Amino acid sequence: MMDGAAAARFPEASARALGDENLQAALRLLGEGFQARRTDAVERFAAFEDARDAAVAAKTRTLRHLDRHLETFEARCREHGGVVHWAETPEDARRIVLELLTARGVRVLSKGKTMVAEEIGLNGFLEANGIEVVETDLGEYIIQLAEEVPSHIIAPAIHKTMPQVVDLFRQHHDQTKAGSFARRTPADLVAEARAVLRQRFLDADAGLTGANFLVAETGSSVIVTNEGNGDLTQTLPRLHIVLATIEKVVPTLADGAAILRVLARSATGQDMSAYTTFSTGPRRPTDVDGPAEYHVVLLDNGRSRLLGTPIEEVLRCIRCGACMNHCPVYGAVGGHAYGWVYPGPIGAALTPALLGVEAARHLPNASSLCGRCEEVCPMRIPLPKIFRYWREQEHAARLNSARMRLGLALWGWLAARPRLYRLGTGVAMRVLSRLAGRSRRFRSLFLAGGWTRSRDLPAPAGQTFLNSWKRRS
Amino acid sequence: MSGARERILGRVRERLGSALEEPAPSREPRQTGSGDVGEFCRRLQAAGASVDRIAEDAVPQAVARYLAERNLAARVKVSPALANLGWAAEPLLETAFGVAELADAAAVMPAALGISETGSLVHASSGDNPTTNHFLPDHAIAVVAEEAVCADLEAAFSAASGPAMPRTVCLITGPSRTGDIEQRIELGAHGPRSLHVLVTARTPDRAPSSAT
């Protein structure tokens, strides 16, 4: 499992990421991929803004009475023969899952995509306890072969290029069948993974999935997927375990509909994902397939503490990934640099809450506050506002550097004296403009080394904004 | 673990601090009733499915024709719910009824509903309609009646959940796909490589006289 230590190394990790050619090649595809597809989907759907409002309202209403909805979910799930387990911490959740598996002699567990399993470090824990874990989502499968962690919440292997995937398949797949795999196009690789995993779905004794949401009124868990691996995972084995955090519950199916209208459009730019599947309890007496047992592990891991705080809006997140797809920082350094399960803007907002601001203090600083994340967030989470909140916490706890604190104190002193501030900035702009010469750029500048080390600083126009504004009127 | 349950719910209540306030009712389902079949078909096709609009008594012929056009073996696993569609009319089509297995290349299954808002089929599991049949074989052929196409998600949910939710309700919108390799969309990841939808209309001689 990734711990807080990796998040604390963001500066070094991001510098390395900028020099990683494979990563940079993979990240360059974000524009024509995820971004363009979302833009098209939103343009096709005239009522998108209304749908966002409805989704935000549904989730906001839910969180206000989260306790009741959780109790209703539990009661309905039980009525259908399901079992609900409550876990406060990652340790609790891991133990519950392991006990379910060992009590039934499970040796092979197939898995659909779940970020909560990453959050609790489930794979390593189960493997250490003798259980074979088979990731079945193609992206998750690729990074399992590479012994890596996801770098994106819906496209876990987005940092891998096709040649890297070819190498992984060559190393790990049966050499005797190698001749039958072409490995020339992405389609060849998809077909190869399908062929290799087909039997594994049938071999598994248990299947574990996450949940995009839980529906209280029916006691159902819902997965929204495209590959169909999640459906095979939860249908074929005799035991289905759902791993979900407590903020995933919504009161009604209609609330689920409100979320579905924005989820796929924001995530992959589809109007609907290929499969939206509601699972309610184990197989019925007359059913001929489906799991004999259905268990839901409800994990808190810090969510309940966020209710009623200035950052509770992060609990609205539906994990679509739009914020990272559109973030210039994520686009430059990728997901691994963030050092914990949730990368990009949502990670920068959520990680300090879950790991503590000391371990994760760099993440909310890894933003120019450009606001694109908030603009595309279907749940209208005010991510930049949350980054500022964490920066204030960092400052209040004196976790930032002495230099930063001195700089902020000086600037604060000056900014609180408007006449002096205007005089000072007016002089500075004139001087800098003259110093810049014909190139209108600085290759280096006193006190601005942090900027000019990696790029030129454009010269100011010669006067401040306030001055130009005055002259204009 | 009942201790954990009480502690989690206790923390939630403490943080919310407003357990007295009644929850506002959720938005009423829109239930706009029947959907636009043309729109339903267009959206399904946009999601990568193929669509054939046929008479309700022509399913075996349409299945045989589809398999032949695709150069697939004339052999299908049929969900038992569709056992009475007159399969004997296609003697060259080999049919078996029950739960699909790895060896089945194609399967035919019913969809309880269609949704024109999204171009989705609603597959509801039951003893004679196993979920496996849609996901395991390479080619899925789904049968849905025109009059079962409803307008939107809310209408479909209230119809599908009925008195009790089936074990599995799956909204299916196109064949299986993935974008996990360099963000390129490929069909046929783990679920069906192709989805063919037979949208059936009532046969005139059996329909009520008003339906034209």
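So, strand S6 of chain B, residues 120-124: five of its five residues are buried, so the strand is mostly covered. Quick word on terms: a residue is buried if 20 or more other C-beta atoms lie within 10 Å of its own, exposed if 12 or fewer, and partly exposed in between, with C-beta atoms placed from the backbone. Helices (H or I, at least four residues) and strands (E, at least two) are DSSP runs, numbered from the N terminus.

Before I go on, this is a predicted model: local features need pLDDT of at least 70 and side-chain atom pairs count only at pLDDT 80 or more, while totals for chains, interfaces and linings use all residues. Residues are numbered from 1 along each chain as its sequence is written, and chains are lettered from A and ligands numbered from 1 in the order in which they are written.

Back to S6(B). In a regular strand the side chains alternate between the two faces of the sheet. Here B:Ser120, B:Val122 and B:Ala124 point one way, B:Leu121 and B:His123 point the other way, and all are buried.

What does S6(B) pair with? Two strands pair if DSSP finds at least two bridges between them. Strand S5 of chain B, residues 113-115, runs antiparallel to S6(B) and is joined to it by three bridges, with B:Ile115 opposite B:Ser120. That hairpin has four residues between the strands, and B:Gly119 takes a positive phi there, near 70°. S6(B) is also joined by four bridges to strand S9 of chain B, residues 168-172, again antiparallel. In that pairing, B:Val122 has B:Leu171 as its bridge partner.

Now follow S9(B) across to the other chain. Strand S9 of chain A, residues 275-279, pairs with S9(B) over five bridges in the antiparallel sense, and A:Ser279 sits opposite B:Thr168.

How many residues are in contact between the chains? 57 residues of chain B are in contact with 74 residues of chain A, where contact means C-beta atoms, placed from the backbone, within 7 Å. On the chain B side, helix H1 (2-16), helix H4 (132-135), helix H5 (153-161), S9 and strand S10 (177-178) each supply at least two residues. H1(B) gives the most, with ten residues. By residue type, that side of chain B divides into 24 nonpolar, 20 polar and 13 charged. For the record, Ala, Val, Leu, Ile, Met, Phe, Trp, Tyr, Cys and Pro count as nonpolar, Asp, Glu, Lys and Arg as charged, and the others, Gly among them, as polar.

H1(B) turns up again if we look at helix H6 of chain A, residues 66-79. The buried residues of H6(A) pack against H1 of chain B together with helix H5 (48-64) and strands S1 (83-87), S5 (213-215), S8 (249-250) and S10 (293-299) of chain A. Those buried residues include A:Leu66, A:Leu70, A:Phe73 and A:Cys77. After H6(A) comes A:Gly81, with a positive phi near 95°.

Let's step back to chain B as a whole. Chain B has five helices and twelve strands, and 48% of its 212 residues count as buried. Among its contacts between residues at least 6 apart in sequence, 75% join residues at least 24 apart.

There's an open sheet of six strands in chain B, in the order S1-S12-S7-S4-S2-S3, with parallel pairing. Its edge strands are S1 (50-55) and S3 (94-97), each pairing on one side only. Within that sheet, seven bridges join S7(B), residues 139-145, to S12(B), residues 194-201, in parallel, and B:Ile141 stands opposite B:His196.

Last stop, chain A. The domain assignment gives domain 1 (45-304) and domain 2 (416-472); those bounds come from an automatic or database domain assignment. Taken over C-alpha atoms, the centres of the two domains are 52 Å apart.

Why is A:Val166 partly exposed? Because it has 17 other C-beta atoms within 10 Å. Leaving aside neighbours within four places in sequence, A:Val166 is in contact with A:Arg183 and A:Leu189. The C-alpha atoms of A:Val166 and A:Leu423 are separated by 62 Å, and the two residues are 257 apart along the chain.

Definitions and conventions
Contact = placed C-beta atoms within 7 Å.
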